[in-house]
Amino acid sequence: MGYVAVKGGTKAIEESLRRLQYERVKREQTLSTSHIEAGMRGLIDQVMSESSMYSESLAALAIKQAEGNPEEAVFLLRAYRSTLPRKAYSQVVTSDQMRVERRISASFKDIPGGQILGATTDYSHRLLDFELREETETDIREWLAAYSKQDDADGDAVGASKNMESGALPKVLDYLRREGLIPECPLDHTEPDDVTRTSLAFPASRSEKLQILSRGQTGAVTSLAYAVIRGYGMVHPTVGELRVGYLPVYVNSPFESDGDEEDAYYIGDIQVTEVEMLVPSTVDKEHGKKELEFDFGYGLCYGQNETKAIAMSILDKSLEAGDKSIPTQNEEFVLYHIDSVESTGFISHLKMPHYVTFQSKLNDVRKIRKAAEPSAAEENQYA
């Protein structure tokens, strides 16, 4: 699509930007980035996931600048991310290293290590809490003191969600694998593709699919996963295990060429949500027999972003089926349309000047209609 330069718009653009600043500050109050970090955890997790950048402070800054608009915040953070040098690669992070703070299974009531509900709105009443209007920092400090006192008095019974567990919780799906009920998942040491450095090409590798799903727009990923369950290619799946916790990240020592793990540097933790989804499927066997088996889909994204991780695991399995006649199994359809910056950017660009292209189409319509009108001689002939 071509554009032409438009002269004389500089002053108007400057005034538009000034008005944007006015709309942000006209109530003479400012929202600090520390307050955003403290009180908008869910929005920060969403922005970090969709921007492929783990930084709560920068996500809070982007949210403040975007006035709470997640699409604009993701755009800002991705643009900033593209300017950063890539100084090192971390060691491979495996989820069995996770320090778990929430862990549930919808498939089994009793799982080794127990279900850990953690922090979730799943069991809350969706009623507006009008007391939050009057909440003060003093109220918060008093509540935290009472919470800590009760936690100390009741011990681990209350503090199970507070005291995270590491390395002591086996994967639920491992038990099904030992029974031969789901396929083994061998380690793949192939270097993953990076869609932020090389353009996506089809057929896409699984690493590309998972990366795009992980950074896809939360609403779009959820919507397409819902379409899968409603009948576009999959029966009802079940959450085998959902975990929320922190993964340690290590980088190799710059002084060791062989990358010895013992000399690696610990640089911090990242919070993630991981989902392993069980999916029943009918498999053709010998002599025309059909058997019911279980397969699984996988989802992992930054922060406590459970709906997206679940939706991601559903789409992961759906894309593996690869039937292009079904929209939710068509990798080009799914992967091209769930990206936040791509989709919102293209929709938003429709507000930009399209004078030349529209006038060209308008002239074509006028010519066609003029050619279809009867001439004066033809009108006299039939008069």
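I began with Tyr-302, which lies in strand E5 (residues 290-302). The model I am reading is predicted. I recorded Tyr-302 as partly exposed, since its relative accessibility is 24%. I then listed what Tyr-302 touches beyond four places away in sequence: Asp-45, Met-48, Ser-49, Ser-52, Met-53, Tyr-54, Ile-270, Gln-271 and Val-272.

I next looked up the aromatic pairs, and the count is 4. One of them joins Tyr-54 and Tyr-302 edge-to-face, with ring centres 5.1 Å apart and 70 degrees between the planes. This pair links distant parts of the chain, as Tyr-54 sits in the loop between H3 and helix H4 (56-65) and Tyr-302 in strand E5, 248 residues apart. Tyr-54 has 25% relative accessibility and therefore counts as partly exposed.

Trp-143 is exposed at 55% relative accessible area, and Tyr-147 is partly exposed at 26%.

Finally, I examined helix H3 (residues 41-51) against helix H5 (residues 70-81): their axes are 9 Å apart at an angle of about 45 degrees. H3 and H5 are therefore oblique to each other, and the crossing is right-handed. Residues in the contact include Leu-43 and Val-47 of H3 and Ala-73 and Leu-77 of H5. I classed the contact residues as 6 nonpolar, 2 polar and 3 charged.

Methods:
Residues are numbered from 1 along each chain as its sequence is written. This is a predicted model: local features need pLDDT of at least 70, side-chain atom pairs count only at pLDDT 80 or more; totals for chains, interfaces and linings use all residues. Side-chain values use heavy atoms; hydrogens and water are left out. Helices (H or I, at least four residues) and strands (E, at least two) are DSSP runs, numbered from the N terminus. Buried means under 20% relative accessible area, exposed over 50%, partly exposed in between (1.4 Å probe, protein chains only). Contact means heavy atoms within 4.5 Å. Axes are lines fitted to C-alpha atoms, for helices over the stretch in contact, and angles run from 0 to 180 degrees between N-to-C directions. Angles under 35 degrees count as roughly parallel, over 145 as roughly antiparallel, 65 to 115 as roughly perpendicular and the rest as oblique. A crossing is left-handed if the near helix is turned anticlockwise from the far one by less than a right angle, and right-handed if clockwise. Ala, Val, Leu, Ile, Met, Phe, Trp, Tyr, Cys and Pro count as nonpolar, Asp, Glu, Lys and Arg as charged, and the others, Gly among them, as polar. Rings of Phe, Tyr and Trp (its six-membered ring) pair if their centres lie within 6.5 Å; planes under 30 degrees apart count as stacked, over 60 as edge-to-face and the rest as tilted.
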